[in-house]
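Subject: Predicted model for your files

Hello,

The sequence and the model are pasted below. My notes on what was found in it follow.

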Amino acid sequence: MRFDHITLEHFKPYADASLDLQDGVTIIHGLNGSGKSSLLEACFFALYGARALDETLDDIVTTDEDDATIELTFSHAGSQYHIKRRLRRSGDRIQTAQCTLDGPDIEIDGATDVRAFITDILRMDAEAFVNCAYVRQGEVNKLINATPTQRQAIIDDLLQLGRLEMYRERASDARLGVEDILSEQRGAQTEIKAQIERKEDANLHEKLNEYEAARADIDAEIERYEENKIRAQETRDNAKEILTSHEETQEELTELEAEIDDLRMTIEEDESTRADFREAIETKTEQVETLLSARTDALSSAEVTSADADTLAARRSTLDDKESSIRDSLQTARQQQTMFENQAERLTERVDELESRADELQEQASEAETAVTKAKEQITTQQNAQADIEEQMTSVREQFNNSPATLGKATEYLEMLQEEHDDIRNDLASTRASLSTVQDRRNEAQTLQEAGKCPTCEQPIEESPHVEAIDEYDVQIETLTERLSQLETKQNKVNNKIESAESLVESERQFETLKERKSLASERIADARETVNEQTETAASLHENAGELETEADEKRDAAATQMSNADSEAEKVATLESKLETINNARDQLDNLAEIQSEIENIRAEIERLRERREEIADRNDERREYLQAKRDRHAELAADVNEARIEKAQNNHEEAVSYLEDVSEKLDELRDKRDNIQSQIGSVRGEIENLAELREKHTAINDRVSALETLHEQVETLSSTYRELRADLRKQNVETLERMLNEVFMLIYDNDAYSRIQLDDAYELTIFQKDETALNPEQLSGGERALFNLSLRCAIYRLLAEGIDGTAPMPPLILDEPTVFLDSGHVGRLVDLIKDMQRRGVAQILIVSHDKELIAAADHLVTVKKDPTSNRSSITRIDDPQRAAISAASSNKTPQ
Ligand SMILES: Nc1ncnc2c1ncn2[C@@H]1O[C@H](COP(=O)(O)OP(=O)(O)OP(=O)(O)O)[C@@H](O)[C@H]1O
Ligand SMILES: [Zn+2]
C-alpha cells in the first residue's frame with residue numbers, strides 16, 4: 001500500500017493544504033507545534049476515522065470552523081482508491097456529513113463500511129495498524145511494558161494467528177454441539193423404546209373387539225326406542241289438531257262477542273249525535289225568526305218592498321244614476337266657482353297694478369314741481385349777484401377817470417414806464433463808471449505830479465507837456481457829479497409812476513374777472529328760466545296720466561266684486577250637491593245592511609238543511625248496522641251449539657300422555673347415544689394407540705441411525721480442533737523464532753555500543769536481553785535511549801516479519817515514524833539513518849518520518865517542511881525539491897531549510 005496524496009481543509013492547524021507522497025523516504029520537518037504530527041494523523045484519520053485517534057471530531061476540526069474535509073488517495077494491489085471524509089457542525093456537535101471511498105469497481109458510502117473495507121484490504125484494524133506501521137510519538141514503551149499475553153495477542157493478531165485460534169474454538173464449539181445433540185438423541189431413543197414396550201403389554205386388539213360388540217347392542221336398543229317415539233308423536237299431533245280447532249272456535253266466539261258489543265255501542269253513539277243535531281236545528285230556526293223581523297225593519301229603511309237580489313240591484317242602480325247626475329252638476333258648479341274666483345283675483349291684481357302705476361306718476365309730477373321751485377330760486381340768486389358785480393365795475397371805471405391811462409391801456413402804460421426806468425438806470429451806471437475812472441486818473445496824476453513825473457506819459461515832469469491835466473479831470477468830475485444827481489431825481493419820479501401804474505393794471509384785471517362773472521350769471525339765469533318752463537309742462541302732463549289710471553282702477557275694482565259674488569253663489573250650489581251625495585251614501589248603507597241580513601238568513605237555512613240531511617244519513621247507517629248485528633248474533637248461536645266437550649277432553653288426555661312419553665323417550669335416547677359416543681371414542685383411541693405403536697417403531701429405527709451418525713461426527717470434530725491447536729502452536733513457534741532472529745539483526749544494526757550479546761524472545765513472548773557476561777536483563781531496565789532503540793528495533797522487526805512472512809502481495813501500509821530521534825544521541829541518529837536505508841533495501845516501499853532533527857534529512861528522498869504562521873496560527877506545507885542539498889546547507893548554516 002502507498003499513500004499518493006492527501007488534501008486537508010480545516011483539519012487541526014491546516015486551513016487548506018495538500019501534499020503529494022511518493023515511494024521512498026519522506027521526511028516531514030518543522031518546529032515544535034508546526035503541524036507535522038497532524039499531517040500523519042490526517043492520513044490515519046482518513047483510513048480509520050476519529051475513534052482510532054482517541055480524539056473527538058470536535059478536536060479535529062480547526063477551532064472556530066464549522067466544517068472540515070480530509071481526502072486521501074492511496075494505491076493498493078495495483079488499484080488506486082480515494083477516501084473523502086467531510087465533517088460539519090450540526091447544533092453544538094461536529095458530525096460526519098460524508099464518508100465515501102471509491103476505486104475501480106467499488107463505491108462505498110458510510111464510515112462503518114469504509115472502515116470495514118480498509119480493515120479487510122490491509123488485513124488489520126486501526127489498532128493493528130498502529131502496532132505494526134505507525135510508531136507514534138511518545139509510545140516508546142508500549143510493547144516493552146506490555147505483558148507477554150498482551151504482546152502475544154498483539155503479534156498473533158498481526159500475523160493472523162488469531163484466526164487459527166478462532167477456527168479451533170469454532171471446532172471445539174462444534175464438538176460440544178454434537179455432544180449435546182447426541183445425548184439428547186440417546187435420551188429420546190431410550191424413551192421411545194420404553195413407550196413401545198408399554199403399548200405391546202396393553203393387548204390393544206382384544207380391547208377393540210370388546211368395544212365393537214358393546215356398540216352393536218346399543219345401536220339395536222336405540223332403534224327400538226326411535227320407533228316408539230314416532231308412534232307417540234303421531235298420537236300427540238292428532239290430539240293437537242282437535243284442540244287447535246276447538247281453540248279457533250272459541251277465538252271466533254270471543255271475537256263475535258266483541259264485534260257485537262262494538263256495533264251496539266256505535267249505534268248508541270250515532271243516535272246521540274242525531275239528538276244533538278235536532279237541538280241545533282231548533283236553535284237555528286229561532287235565529288231565523290229573529291233575523292226575519294230585523295229584515296222587515298231594514299226593508300222600510302232601505303225603501304224597498306223585497307230583499308231579493310233583483311230588487312236590491314235595481315235600487316242600487318237608481319242610486320247610482322242619481323249619484324252620477326249629482327256628481328256632474330257638482331263638477332260643473334265647482335268649475336264655475338273656480339273660474340269666478342280666478343277672474344276676481346286677476347281683476348284685483350290689475351287694480352293694484354293700476355293704482356301703483358298712478359302713484360308713481362303723481363310722485364314724478366311732484367318731483368317736476370320741486371325742480372321748478374328750485375330753478376326760480378336760482379334766478380333770484382343770480383340776479384342779485386349781477387347787481388353786485390355791476391356796482392364793483394362802476395367803481396373800477398371811476399378809478400381810471402383821473403389817471404394817465406385809459407381803461408384797457410394800463411398794461412401798455414406800465415411797460416412804457418419800465419422802459420424809461422431801464423434807460424435811466426443804464427445812464428446812471430455809465431455815469432458812475434465814468435466818474436470813478438476820472439477820479440482814479442486825477443488821483444494818479446496827482447501822485448505822479450508829486451513824484452515829478454508827468455501823470456500822462458510818466459516822463460520826468462520837466463519835459464512833460466501835460467501838466468495841466470489835473471484841472472481837466474476836476475472839471476470832468478464836477479460835470480459828472482451834476483449829471484448823477486439829475487439822473488437820480490428822474491429815477492425817483494419814474495419809480496413813483498410805476499407804482500401807480502401797477503395798481504391800475506391790477507384794477508384792470510379785476511374788471512375783466514367781473515365782466516366774466518356777470519356773463520356767467522346771465523347764462524345761469526337763462527338756463528333756470530328754461531328749466532322752469534320745461535318742468536311746469538311735464539308736471540301738468542303727469543298729473544293728467546295719473547288721473548286716467550285711477551279712473552281705470554275704479555272700474556276694475558267694481559268688476560272684481562261682481563265676479564266674487566258669482567263665485568259665492570256657485571259655492572252654495574256645491575254645498576247643496578254634496579249633502580245630496582251624503583244622503584245617497586246613507587241609502588246604500590241601508591241596502592248593505594239589508595243584504596247582509598238576507599244572506600245570514602239564507603246561510604242559517606242552508607245549515608239547517610245540511611243538519612237534517614246528516615240526521616237522515618245517520619238513521620240509514622244505523623238501520624244497516626242493526627241488520628249486521630243480527631247476522632253476528634245468529635253466527636254466535638250456531639258456533640256455540642257445535643261445541644263437543646267430551647271429545648275435547650279425550651283429546652286433551654291423549655295429548656298429555658303422548659307429550660310426557662316423548663319427554664321420557666328423549667332422555668332415554670340421549671343416554672343411549674352418550675353411551676354409544678363413549679364407546680365409539682374408546683374405539684377411536686384404541687385404534688390411535690395401535691397406529692401410534694407402528695409410528696413409534698419407525699421412529700425408533702430412524703433414531704438408531706442418527707445416533708450412530710452423530711457418534712462418527714463427534715470423532716471427526718474432535719480431531720479438527722486438536723489439529724488447529726497444534727497448527728497454531730507450530731506457526732507461533734516458527735514466527736517467534738523468525739521474529740527473534742530479525743529483532744537481533746535490527747538491534748545489532750542500530751545499537752552502537754557493544755554491551756549486549758543477544759536478545760531472547762521465548763515461546764511465551766517473554767523478552768530478555770543478555771549482557772556480554774550472559775547476565776539477563778529485563779528490557780524495562782534499559783536506559784531511555786536504549787529503550788527507544790529497542791522499541792524501534794522491535795517495531796521494524798515486526799514490520800519485516802509481516803512484510804516477508806506473508807505470501808503474494810504484501811498489503812503492508814507505509815512505515816510511519818513520528819519523532820523517532822527524541823531519545824537518541826547524534827551517533828544513534830546516524831545509526832537510525834542506516835536502519836531506514838536497510839528497511840528500504842529490504843523492500844519497504846514508502847517510509848514517512850516526522851522529525852524536527854536535521855540530521856535525519858540525510859536519509860530523505862523527499863523533504864517536506866511544515867511551518868505555522870504565528871499571526872494566523874495556520875500551518876502550511878512546502879516540498880523541497882533537492883533534499884540532500886538542503887541538508888548540506890542546513891548542516892553548514894545550522895538553519896531550518898526552506
Ligand atoms: N482543532 C485545532 N484547531 C486549530 N489548531 C489546532 C487544533 N488542534 C491542534 N491545533 C494546533 O496544531 C498544533 C499541533 O500540531 P502538531 O502536533 O502536528 O505539531 P508538531 O509539528 O507535530 O509539533 P511537535 O514537534 O511538538 O510534535 C498545535 O500548535 C495546536 O495549537
Ligand atoms: Zn509532533
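**Notes on the model**

Helix 9 and helix 11 are roughly antiparallel to each other, a label given to angles over 145 degrees, where under 35 counts as roughly parallel, 65 to 115 as roughly perpendicular and the rest as oblique. The axes of helix 9 (residues 309–401) and helix 11 (residues 469–642) cross at roughly 170° and come within 2 Å. Axes here are lines fitted to C-alpha atoms, for helices over the stretch in contact, with angles from 0 to 180 degrees between N-to-C directions. The contact of helix 9 with helix 11 has 46 nonpolar, 23 polar and 25 charged residues. In these classes, Ala, Val, Leu, Ile, Met, Phe, Trp, Tyr, Cys and Pro are nonpolar, Asp, Glu, Lys and Arg are charged, and the others, Gly among them, are polar. Helices (H or I, at least four residues) and strands (E, at least two) are DSSP runs numbered from the N terminus.

This is a predicted model, in which local features need pLDDT of at least 70 and side-chain atom pairs count only at pLDDT 80 or more, while totals for chains, interfaces and linings use all residues. Residues are numbered from 1 along each chain as its sequence is written, and chains are lettered from A and ligands numbered from 1 in the order in which they are written.

On confidence, the chain has a mean pLDDT (the predictor's confidence in each residue, from 0 to 100) of 88, and 96% of its residues reach 70 or more. Over residues 893–898 the pLDDT is below 50, and this stretch has 7 contacts (C-beta atoms, placed from the backbone, within 7 Å) beyond near neighbours in sequence. Where pLDDT is low, the predicted coordinates should not be read in detail. For the complex, the predictor gives an ipTM of 0.94 and a pTM of 0.46.

Ligand 1 is surrounded by 14 residues (C-beta atom, placed from the backbone, within 6 Å), and the closest are N32, G33, K36, S37 and S38. Helix 1 (residues 36–48) gives the largest share of this shell, 3 residues. By class, the shell has 1 nonpolar, 10 polar and 3 charged residues.

As for strands, two of them pair if DSSP finds at least two bridges between them. Strand 1 (residues 2–11) and strand 2 (residues 14–20) are antiparallel over 6 bridges, with H5 bridged to D20 in strand 2. Their hairpin has 2 residues between the strands, and K12 takes a positive phi near 45°.

Strand 14 (residues 862–868) has a parallel pairing with strand 3 (residues 24–30) over 5 bridges, where G30 has V866 as its bridge partner. Strand 14 also pairs with strand 15 (residues 875–880), in the antiparallel sense over 6 bridges, and T865 stands opposite T878.

An open sheet of 3 strands has the order 9-10-11 with antiparallel pairing. Strand 9 (756–761) and strand 11 (776–777) each have a single partner strand, so one side of each is left without a neighbour in the sheet.

Regards

Methods
Two residues are in contact if their C-beta atoms, placed from the backbone, lie within 7 Å.
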